[in-house]
Amino acid sequence: MPEVTLDEVRHVAELARMALSDEELERVRRELNRIMDYFAELQQLDTEGIGDTSHAIPMTDVYRQDEIGDSLPAAKIVQNAPDSIENFFRVPTFMEEE
Amino acid sequence: MAFRPMVGLEVHAQLLTASKMFCSCPVKFGSEPNSNCCPVCTGMPGSLPVPNRKAVEFVIRTGLALDCKVSDYCRFYRKNYFYPDLAKNFQISQYDEPLTYEGRIDLAVNGEPFSIRVRRTHLEEDTGKNIHLSDGRSLVEYNRCGVPLMEVVTEPDFTSADQVREYLVQLRRLLRYLGVSTANMDEGAMRCEPTVNLVDEAAGQATPIVEVKNLASFKAVHDAVSYEIDRQHWCLENDAEMQQETRRWNETEAKTTVMRIKESADDYMYFPEPDLVPLTPEREWVEEIAESVPELPLARERRFVEEYGLPQYDAEVLTEDKQVADYFEAVAATCGDAKSASNWVMGDFTHLLHESGQTPDTCKLQPENLGKLIKLINETTISSKIAKDIFPTLFEQGTTPRQLIEEQGLAQISDEDELGAIVDAAIEANPKAVADYQSGKEKALGAMVGYVMKETRGQANPGLVNQILREKLSE
Ligand SMILES: [Zn+2]
């Protein structure tokens with residue numbers, strides 16, 4: 001199992017929008033490598049002929065019918081928000097990306 | 001220069017379901033902010049999404065109409081990103097296992113056929129809406145969040161902006177035919193993002209791929225693609241630097257400008273959505289959906305030309321809307337005169353539909369009754385003038401034309417004796433016209449025909465009046 005590098009930790013931290021100090025980056029790198037050791041153990045299992053598994057329960061095709069149900073009152077939707085006005089969430093302006 | 005354009009297209013279409021993709025909130029626009037929301041579509045911890053079966057059906061139906069294969073196993077994925085248009089910091093989408101894939105559509109521009117490969121049609125959820133204020137803050141609301149969104153992705157097979165526009169026109173018509181989306185671009189129910197670059201296959205060279213955003217109409221898409229092709233050619237000729245980037249179309253200045261440069265942060269860390277189990281559309285269901293796919297608009301357009309002998313223009317107009325096309329066929333079947341049926345449906349009928357804000361399915365006039373009206377004209381029971389006069393009443397009341405004609409005493413007079421007497425009076429009253437006609441002025445007949453029509457309130461059979469007049473005048 002290849003070692004997790006500092007650059008990889010930096011990249012993942014950036015994706016997660018986490019600002020880490022140099023010490024933190026190094027600590028996280030060590031911790032991630034310890035986690036990777038567990039995967040190394042799992043790698044030893046024979047998984048020949050087994051597809052990638054994303055669910056532990058063997059269940060497929062759970063649907064709901066296209067029927068309208070109750071929504072929550074708008075006031076309830078915004079009640080936990082740090083800031084809201086007239087039932088809009090209010091946030092610091094963000095750059096229009098897409 | 002051997003560089004040629006290579007354009008691909010991503011189209012998003014909101015699906016016409018009653019409820020959202022993963023919860024039972026209504027799909028409704030123009031509501032109060034955050035009033036069509038629940039814990040699922042606002043990503044509250046512990047809430048559990050459940051897919052809308054109808055939305056899955058709509059995507060499969062579209063895929064089948066685009067000649068795609070249907071996956072027998074596919075999953076939803078989380079597309080992770082930080083942007084408040086989704087409350088949960090990820091969008092439920094599909095990744096490398098789309099619902100349908102590898103299709104194609106055959107089209108033509110100015111009689112030049114071309115084929116576009118469809119890479120995939122998949123399902124995801126729409127995002128919320130943002131309003132940016134001038135005070136450095138933004139408002140966010142999630143009524144649109146979680147509305148089922150279908151993505152149709154082509155291979156980069158387009159070689160011109162005209163081809164792109166034709167594809168969009170045909171795709172919109174298709175989506176409407178299938179009843180899966182309104183596909184209205186101005187309402188944001190259909191959105192598209194082209195990717196544009198230039199390739200020189202022989203030399204194995206290509207310009208970096210540019211994605212264009214902020215396109216609110218077919219015209220904008222066409223113009224932006226055209227601009228981007230020209231810009232990249234210009235860059236090549238002038239050795240200007242190009243990079244992989246997203247550019248924004250500026251409608252007023254008619255040009256694209258850099259929006260953002262693609263970088264490593266464009267890593268969406270896709271992983272299978274643990275809250276949703278895989279989909280394995282069963283064969284019988286897919287077959288059932290396949291049977292629900294109607295004759296497709298392009299095929300129907302061709303058939304209208306071949307089967308009914310209609311001009312290409314008529315065929316195009318009539319097949320733009322499925323209800324109109326169905327209506328036309330029912331009218332033509334009743335009257336057996338396709339061209340007249342087409343004229344009436346495209347003309348007076350469409351006019352009154354628009355005026356009254358109705359659709360062929362909701363209006364009172366049954367197509368059979370319009371067919372009968374045309375038949376009455378063709379059998380010379382009524383004149384086409386009278387038919388046009390009574391049409392608004394027919395349209396409004398939905399009665400049979402015969403009933404209305406009898407009620408109003410409008411049947412055409414085709415009785416030779418009755419008409420003969422009126423023709424005699426016409427000759428009597430127009431000595432000058434008689435003299436003119438007899439001295440060779442064919443047009444002079446008009447005055448006498450006009451007299452007869454006036455006397456009969458337009459109910460005289462004009463062909464017969466002409467015939468009787470000529471006979472009497474040559475005696
Ligand atoms: Zn909801």
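Trainee: Which residues is B:Glu102 in contact with, leaving aside its neighbours within four places in sequence?
Mentor: In this predicted model, B:Glu102 is in contact (heavy atoms within 4.5 Å) with B:Asp67, B:Cys68, B:Lys69, B:Val118 and B:Arg119. Residues are numbered from 1 along each chain as its sequence is written, while chains are lettered from A and ligands numbered from 1 in the order in which they are written. Local features need pLDDT of at least 70 and side-chain atom pairs count only at pLDDT 80 or more, whereas totals for chains, interfaces and linings use all residues, and side-chain values use heavy atoms, leaving out hydrogens and water.

Trainee: What makes the side chains of B:Glu102 and B:Lys69 a polar contact?
Mentor: The two side chains come to 2.5 Å, and the term asks for a pair of N or O atoms within 3.5 Å, where within protein one must be able to donate a hydrogen and the other to accept it, and residues adjacent in sequence count only if both atoms are side-chain atoms.

Trainee: Why is B:Glu102 called partly exposed?
Mentor: B:Glu102 counts as partly exposed because its relative accessibility is 49%, which falls between buried (under 20%) and exposed (over 50%), taken with a 1.4 Å probe on protein chains only. B:Glu102 is found in strand E5 (residues 100-109) of chain B, a strand being a DSSP run of at least two residues and a helix one of at least four.

Trainee: Which atoms are the protein donors of the zinc ion?
Mentor: They are the SG atoms of B:Cys23, B:Cys25, B:Cys38 and B:Cys41, lying 2.2 to 2.4 Å from the zinc ion, and donors are N, O and S atoms within 2.8 Å of the metal (3.2 Å for Na, K and Ca).

Trainee: How do you know whether B:Cys25 and B:Cys41 are buried or exposed?
Mentor: By the accessibility limits already given, both B:Cys25 and B:Cys41 are buried.
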